[in-house]
Amino acid sequence: MATPEEAKLHHFLQWLQLNRVELRGCRIKYSDSTKGFGIFSSNHASDGILLVVPLDLAITPMRVLQDPLLGPECRAMFEEGEVDDRLLITLFLTVEHLRENSSWKPYFDLLPTTFGNPLWFSDDELLELKGTTLYRATQLQRKTLQSLFDEKVKRLAEKLLILDGHPERDVKFEDFLWANSIFWGRALNIPFPHCYVFPVDSEGQGSDVSRETVNSGTLSNGCDSLSNGESGKVPEYDELQDKVASAASISQGEIVWVEGLVPGIDFCNHDFRAAATWEVDGTGATTGVPFSMYLLSAGENPSTIEKEISISYGNKGNEELLYLYGFVMNDNPDDYLMVHYPAEAIQKVDFSESKTQLLEAQKAELRCLLPRSLLNRGFFPPSNSSVEGKDKSVSSQVSNYSWSGQRRTPSYLHKLVFPADFLNALRTLAMKENELYHVSSLLEELVGSGGERQPTDTEVQAAIWEACGDSGALQLLVDLLNMKMLDLKEGSGTENNDTELLEKALTAETSEDCREASGIAPIHLLSRNKRSSIIYRRGQKQLTRLFLKEAEHALQLALTEEL
């Protein structure tokens, strides 16, 4: 007898088949408790095409506006700017998930009901993130989503369910939070063929719906309404062959990017070494299915049978992976550190008004992302890094800054890993009184005492560098990094403390297997959420330590050369 999960999977596979999804070289099955369901190779597809999904099945803003239940209510709100593209999809997911007769039920039944992103953390688990950028971001996002739900989503969702014949349904915040997590964890940015999004009728005119929604800030594909009948089949588009003929002549530039969910494709899990990529086939020349998305094996040789087929979610650090998808990667090569100067602190610095004007003139950035990869060309690169060919473009950025010749380009410039825009902002904030007067004098000399023209942002940056050099900016950067390290350590200790926690948990897991085999009472282990938090925050401490070392060394060199 099939288990409940097996029965759900069986119904979902039938639903995919009914909606013309083709599993050519793969199958969907349960992966593990952290990943849920995944896609696995099942046979050797000679052309490498593993899975084909008609774009008609994609859940996009266009579909929501054409839906017989949601469309009439949402279109007016959308045209007034009360809801945006993403909220349309999230609202659709919220309502359809609660509808007993939804044609999407087989799909929703296979989607996760628990999530590892911080929005679902308990208060104790969230404290594990204290001191990190994610801690504050999660608190703010929770408040934003709760406010959105209370003020807009709950009322509208319950109204739609009443229209559908379910007046007793009470829409809870957790229903909306589920839909929000599904969207952010599974949505793709889909390159739709232009003629698919803007269908042309027999007289050569675009659809009125398309024109209206484009003017309102989104797109429509004029698709038929989603069937809510018992079959669960999504109807095909009218005049498909005419659209295929027009698609045959589209160029690479004639695409429209739209966010949406693609059932089937969205069961691919993430890996740095992706086994597949997804593509869109507008004409059907590749897959035989016009207007489809397909999963293509990334290897030259056919996939190993029963091997999980992964895709890459992009070059994302653990901060983004945890926030959006609810997981982290050990030793993530794409990890990054965010450093920022608090905007509210500017009012407390000396000559804040003049410095604010200079910051605005430069279009200065008060925050920056420092990817781990920057360390490869720094003063202390990892032993396995390669930095060839990266020095010339960096040094050329400021080689012509000094028009007086009094300040030479620093000898260490080719090893400086921090973004120029951020250092420009820090130079401005760190300026002393005499340096500020020097900058004013240089700019007046350049543009004239009468202010015949405004200096460009590059000229302002050049004057500030000429007057200030690097030492003030680098000292401020060192202070910011030290402050960040203190915040990270405040609630959870050092980087070594986090490493010890993870090592003890690993040892405890090994012991737990032995204890279970021996019938001994279990011991307390780290939860998935706590483990993810520790891995993430340890990475942040490590990057802060490494970039602080770079900044301190650069500061010493700057002080020496400015003597």
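Biologist: Is Ala462 buried or exposed?

Modeller: Read relative accessible area like this: buried is under 20%, exposed is over 50%, and partly exposed lies in between, with a 1.4 Å probe and protein chains only. Ala462 comes out at 7%, so it counts as buried. Keep in mind that this is a predicted model, where local features need pLDDT of at least 70, side-chain atom pairs count only at pLDDT 80 or more, and totals for chains, interfaces and linings use all residues. Residues are numbered from 1 along each chain as its sequence is written, and side-chain values use heavy atoms, leaving out hydrogens and water.

Biologist: Where is Ala462 found?

Modeller: Helices here are DSSP runs of H or I with at least four residues, strands are runs of E with at least two, and both are numbered from the N terminus. Ala462 belongs to helix α17 (residues 457-468). Overall, the protein has 20 helices and 12 strands, and 47% of its 563 residues are buried.

Biologist: Okay, cores. Which residues have the most contacts inside the largest nonpolar core?

Modeller: The general idea is that nonpolar side chains tend to be buried together in soluble globular proteins. A nonpolar core is a set of buried Ala, Val, Leu, Ile, Met, Phe, Trp, Tyr and Cys residues joined through side-chain atoms within 4.5 Å. The largest one here has 77 residues, and those with the most contacts inside it are Ile39, Leu70, Leu91, Leu93, Tyr107, Phe192 and Leu295. Helix α4 (residues 85-98) gives the most to this core, with 8 residues. Apart from it there is another core of 36 residues, including Val349 and Phe422.

Biologist: And what does Leu70 touch?

Modeller: A contact means heavy atoms within 4.5 Å. Leaving aside residues up to four places away in sequence, Leu70 touches Val64, Leu91, Phe92, Val95, Glu96 and Leu160.

Biologist: Now sheets. What order do the 4 strands of the open sheet have?

Modeller: Strands of a sheet pair through backbone hydrogen bonds, either parallel or antiparallel. Two strands count as paired if DSSP finds at least two bridges between them. In this open sheet the order is β1-β4-β9-β8, with antiparallel pairing. At the edges stand β1 (22-23) and β8 (276-281); each has a single partner strand, so one side of each is left without a neighbour in the sheet. β8 is joined by 6 bridges to β9 (residues 292-297), and Val280 has Met293 in β9 as its bridge partner.

Biologist: How many aromatic pairs are in the whole structure?

Modeller: Rings of Phe, Tyr and Trp (its six-membered ring) pair if their centres lie within 6.5 Å; planes under 30 degrees apart are stacked, over 60 edge-to-face, the rest tilted. A search finds 21 pairs. Take Phe12 and Trp15: the ring centres are 5.9 Å apart with planes at 20°, so the pair is stacked. Both lie in helix α1, 3 residues apart, about one turn of the helix, and both are buried. Phe149 and Phe176 are stacked too, with centres 6.1 Å apart and planes at 25°. Phe149 is in helix α7 (residues 133-163) and Phe176 in helix α8 (residues 173-186), so that pair ties together parts 27 residues apart in sequence.

Biologist: Which ring does the charged end of Arg186 sit over?

Modeller: A charge sits over a ring if NZ of Lys or CZ of Arg is within 6 Å of the ring centre and within 35 degrees of the ring normal. For Arg186 the ring is that of Phe267, 4.7 Å from its centre. Likewise, Lys549 lies over the face of Phe380, at 4.3 Å from the ring centre.
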